[in-house]
Amino acid sequence: MNARVTPDRQVVIVGSGPAGLTAALYAARANLRPLLVEGLDAGGQLMLTTMVENWPGFRDGIMGPDLMTEMRAQAQRFGTEILESTITKVDLQNRPFTLTLADGKAITTEALIIATGASARWLEIGSDRKLSGHGVSTCATCDGYFFKGKPIAVVGGGDSALEEANYLTKFASKVTLVHRRDALRGSKIMQDKAFANPKIEFVWNSAVTDVRDVSKGEVTAIEVQNLLSGAVTEIPLEGLFIAIGHTPNTKLFEGQIDLDATGYIVTHEGTRTNVPGVFAAGDVQDRVYRQAVTAAGSGCMAAIDAERYLESLPHHGEAI
Ligand code: NAP
């Protein structure tokens, strides 16, 4: 009979945004001594935002990085061990699972919670990333409020761009939607809503080629090129929202767990993946809500699901 290989850990969490840190908090409080591997962008997308006004409990809002610092400290207070490293390889075919860290060290674990998030796509024109947080944003729900009475633009032609454009008309004086083709990708109902909104103006067949700040450090205009005629124009405005899609951070897991056609992890019955013992939480498995609070909620669910999974194992209770 083969002796069971004793894993290093009962549960490892990958990712340190609201989903990962909430999973860590709950797993730690369940005495699972979780190890959390932080990943490249420690703290996740909230580290890129300024004031977060939709996190319950802070009536005056809280700065994104401050919220993540608090979450991290809270998870550590109950015994989460945080590793400032990334995982470069996973083996989810054999048990216990093996995770290889950036320094080559391997960790084995009984259960794994994947909370690696999704990254908003950028235009990759240089000035868009440079002015991130200074008039350029990838999250209308987070930052729309800052553009009360100001002219802004949205780039993209999918449901996200249409939803954001509609939402932003609540604040902005005018929303220019710049799309690279002459037909929108978004659903008919969202298109109709956008076309009927008098505050939205469409600029078709066009690409944003530069974001200007005239050395003010805040957005003052965008440069737009018509892709058919080549003509370049400047649109004065104070904000640019990029809504050209998100990419879930799942490359590491390709071929090992079920992903949907766009790369998101497929979950069922809560946070379970198709591999027993592997759970997913937050934006890496959520293409719909993508909010910090929903990510945190699913992190809590993943920890509870992992705890129940561990309890169901025949060797539950043996020391690790
Ligand atoms: P998406 O459907 O992939 O649309 C991305 C849009 O950005 C497309 O119009 C695309 O142009 C454009 N784009 C991509 N790369 C670009 C670039 N480098 N420069 C300029 N434009 C670029 O992404 P999404 O809108 O985020 O939606 C993702 C999924 O979530 C979809 O299935 C959507 O239905 C769903 N969603 C649903 C809702 C809702 O139902 N309320 C809300 C948001 C999202 P092309 O059209 O030319 O490819």
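Predicted model: local features only at pLDDT ≥ 70, side-chain atom pairs only at ≥ 80, totals over all residues.

Student: Which arginine has a polar side-chain atom 2.9 Å from an oxygen atom of the ligand?

Tutor: Several polar atoms of the protein may be considered in turn. A polar backbone atom of glycine 158 is 3.2 Å from an oxygen atom of the ligand. For arginine 287, a polar side-chain atom lies 3.1 Å from a ligand oxygen. The residue with a polar side-chain atom at 2.9 Å from an oxygen atom of the ligand is arginine 180.

Student: Helix 5 and helix 6 pack at what angle?

Tutor: Helix 5 covers residues 159–168, and helix 6 covers residues 188–196. Asp159, Leu162, Glu163 and Asn166 of helix 5 meet Met190, Gln191, Lys193 and Ala194 of helix 6. By class, this contact has three nonpolar, two polar and three charged residues. The crossing is left-handed, and with axes 10 Å apart the helices pack at an angle of about 35°.

Student: Why are helix 1 and helix 2 described as roughly parallel to each other?

Tutor: Helix 1 spans residues 18–29 and helix 2 spans residues 64–77, with their axes 8 Å apart and an angle of about 25° between them. Angles under 35 degrees count as roughly parallel. Helix 1 and helix 2 are therefore described as roughly parallel.

Student: Which residues of helix 2 make the contact with helix 1?

Tutor: Helix 1 passes helix 2 in a left-handed crossing. Pro18, Leu21, Ala24, Leu25 and Ala28 are the residues that helix 1 brings to the contact. Eight nonpolar, one polar and one charged residues make up this contact. Those from helix 2 are Met68, Met71, Arg72, Gln74 and Ala75.

Student: Is the crossing of helix 1 and helix 7 left-handed or right-handed?

Tutor: The axes of helix 1 and helix 7, the latter formed by residues 292–312, come within 7 Å and cross at roughly 35°. Helix 1 contributes Pro18, Ala19, Thr22, Ala23, Tyr26 and Ala27, while helix 7 contributes Ala292, Ala295, Ala296, Gly299, Cys300 and Ala303. This contact holds ten nonpolar, two polar and no charged residues. The crossing is right-handed.

Student: Where is asparagine 31, and what is its phi?

Tutor: Asparagine 31 lies in the loop between helix 1 and strand 2 (35–37). Most residues other than glycine have a negative phi. Asparagine 31, however, has a positive phi, near 60°.

Student: Is the peptide bond from arginine 95 to proline 96 cis or trans?

Tutor: Proline 96 is found in the loop between strand 6 (87–91) and strand 7 (97–101). Most peptide bonds are trans. The bond from arginine 95 to proline 96 has omega near -10° and is cis.

Conventions. Residues numbered from 1 in each chain as written. Heavy atoms only, no water. Axes fitted to C-alpha atoms, helices over the stretch in contact; angles between N-to-C directions. Helix = DSSP H or I, 4+ residues; strand = E, 2+ residues; numbered from the N terminus. Parallel < 35°, antiparallel > 145°, perpendicular 65-115°, else oblique. Left-handed = near helix turned anticlockwise from the far one by under 90°. Contact = heavy atoms within 4.5 Å. Nonpolar A, V, L, I, M, F, W, Y, C, P; charged D, E, K, R; others polar. Polar contact = N/O pair within 3.5 Å; in protein donor to acceptor, adjacent residues only side chain to side chain.
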